Amino acid sequence: MSGTTTAAVRCRREAGPGANRWVVLVVLCVSLLLVALDATVLHVAVPAVTEDLKPGGIELLWIVDVYPLVCASLLILFGTLGDRVGRRRILLLGYALFGVASGLAALADSAQVLIGARALLGVGGAMIMPATLSILRQVFPDRRERALAIGIWSAVAAVGAAIGPLLGGFLLEHFWWGSVFLVNIPLMLVSLPIGRLLLPESKGDGRGPWDVVGALMGAAALFGLVLGVKQLGGGEFTPFTLVTLLAGGALMVAFVRRQRRREHPLVDLRMFSRPAFTTSVCCIVLAMLALVGLELIAAQYLQLVLGLSPLETGLRLLPLTVAAMAAGLGGAKILRRFGPRTMVCSGFCITAAAVIMLTPMGGHDNTGLLLSGFMLLGFGLEMTLFGAYESMLSEAPPAQAGGAAAIGETSYQLGAGIGIALLGSVMNAAYTPRLSSVPGVPASDSKAAGHSLGEAYEVAARLGGHPGAALRHAARDSFVHGLHVTLLVSAGLLLLGAAMALRLPRVMECEAPAAEIPAPRQVAESRVSV
């Protein structure tokens, strides 16, 4: 028996009695499904929540945004805490908190209570997400098996994100808006005892104390950065936005400096000295940048230009999810056959080709074009994300699995936020100027119509007559023009990602598990940690 095989068998035995790794994968996938569902299920319930709780404009924004904002901010904190106190322990606590918060959200009688409950859901999600990946890294020490497990894991994530709005729409047709949260509770009641029974406990090396100050500093830095990026994505470039971004950036610089000088850091930044790790993280950011921004604009196109209902829009985007599932389930074979470099680079190129293919989209429905374009888009992006996540986890030492998983999930969230901000800005820059000189439309109305296509339709309906029809037609044409420009910019970013992916390893190395990062030089021991 080879040394690698012996090591893998030993790691499986250390996972704990009865912890069949494939059963463990099922439990972890259920956890991921719940978190992915909760990230999107509320979107269709916003009108019902608004009618019942009557939140103000700012409160409504916080109801929607507080969950991803809190979750993204705390990923590194709980990922590294799991490395110290036990990943299963953090995951089970996340289950419990997620269930309690779901009950509070379902029974909320005011906007403030719902915002608080959504924030607690974000805390629970931040405990669950990195723990699932780090436990997966632990129970699948053999890279070939781990690649298959990551493929299944990523396919489940795609399913959860896609069926969230569909499930929410079904529940709202039969029950009140709180039911979109209640579905979490029975699943958590089942997952908690099963997880306690079947999931193995795993920790890092446990050297040195956990850096509480550094964890809080990192959480505050990410909160500021993610909040600032979200505000930019909403078109809010205010002094508060600038201060938020600057404060988050300054705290992140301080966090990095603190981690570099500590003997036992929360996140060993020397992982970024490995080209494959750094490249994988950058590829995740670029892939999410393209995916989320394009999905948002595509949903607006389907509803506002083609006139589809929200349910019809979700069904039109379903081929993207189905293709992503196929790529996730077949990703392990593709990775073994072609290697990380070819897989990720090809994924970017396929996605860029899909984006360019979609540029003929116009004011009339072209079902065949949308179907083929969305399928290629989903398959290519999932190839990219699969190869990048697998390479990132395989490059990280097992003791740093929680921190590495948290870095990957944080990159995912930041890429999504930056994508909405960047591609939304490109869209607005191409859309707004073409509405400044519509015949018969006052300048104030033209300015209001330039904010968004939905607002342009409202202004056109108020104006009525020939000016209203002219404004509506011009706004739709301008949106389609902006869509074409945005698609071309996205294609350029995706090709940049393909060039970046050339730094990944050419072949999938399965000879030995990732080695531990060597200890710092002895001179570091003389440094004083604050």
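A crossing of two helices is called left-handed if the near helix is turned anticlockwise from the far one by less than a right angle, and right-handed if clockwise. H5 passes H6 in a left-handed crossing. The model is predicted, so that local features need pLDDT of at least 70 and side-chain atom pairs count only at pLDDT 80 or more, while totals for chains, interfaces and linings use all residues. Residues are numbered from 1 along each chain as its sequence is written, and side-chain values use heavy atoms, with hydrogens and water left out.

## The chain as a whole

The secondary structure of the protein chain consists of 18 helices and 0 strands; these are DSSP runs numbered from the N terminus, with helices (H or I) of at least four residues and strands (E) of at least two. Of the 530 residues in the protein chain, 52% are buried. Buried means under 20% relative accessible area, exposed over 50%, and partly exposed in between, with a 1.4 Å probe and protein chains only. The accessible surface of the protein chain is about 22100 Å², and 67% of this surface belongs to carbon and sulfur atoms. Such areas come from the Shrake-Rupley method with a 1.4 Å probe; for residues, only the protein chains shown count as cover. Among contacts (heavy atoms within 4.5 Å) in the protein chain between residues at least 6 apart in sequence, 83% join residues at least 24 apart.

## Packing of helices

Axes are lines fitted to C-alpha atoms, for helices over the stretch in contact, and angles run from 0 to 180 degrees between N-to-C directions.

| Helix pair | Angle | Axis separation |
|---|---|---|
| H5 (residues 87-106) and H9 (residues 184-198) | about 160 degrees | 9 Å apart |
| H5 and H6 (residues 111-139) | roughly 155 degrees | within 8 Å |
| H17 (residues 453-463) and H18 | roughly 170 degrees | within 7 Å |

Angles under 35 degrees count as roughly parallel, over 145 as roughly antiparallel, 65 to 115 as roughly perpendicular and the rest as oblique. By class, the contact of H5 with H6 has 19 nonpolar, 7 polar and 2 charged residues. Here Ala, Val, Leu, Ile, Met, Phe, Trp, Tyr, Cys and Pro count as nonpolar, Asp, Glu, Lys and Arg as charged, and the others, Gly among them, as polar.

H5 and H9 pack at about 160 degrees and are therefore roughly antiparallel; their crossing is left-handed. On the H5 side the contact includes Arg88, Leu92 and Tyr95, and on the H9 side Asn184, Ile185 and Met188 are among the residues involved. This contact has 7 nonpolar, 6 polar and 2 charged residues.

H17 and H18 cross at roughly 170 degrees, and they are therefore roughly antiparallel to each other. H17 passes H18 in a left-handed crossing. Residues of H17 including Leu453, Ala456 and Tyr457 meet residues of H18 including Gly465, Gly468 and Leu471. The contact of H17 with H18 has 9 nonpolar, 2 polar and 2 charged residues.

## Two single residues

Ser490 lies in helix H18 (residues 465-500). Is Ser490 buried or exposed? Ser490 counts as buried because its relative accessibility is 1%. Leaving out residues up to four places away in sequence, Ser490 touches Leu294, Val355 and Leu423.

Leu246 is placed in helix H11 (residues 239-261). With a relative accessibility of 56%, Leu246 counts as exposed. Leu246 and Ala221 are 25 residues apart along the chain, and their C-alpha atoms are separated by 9.6 Å.
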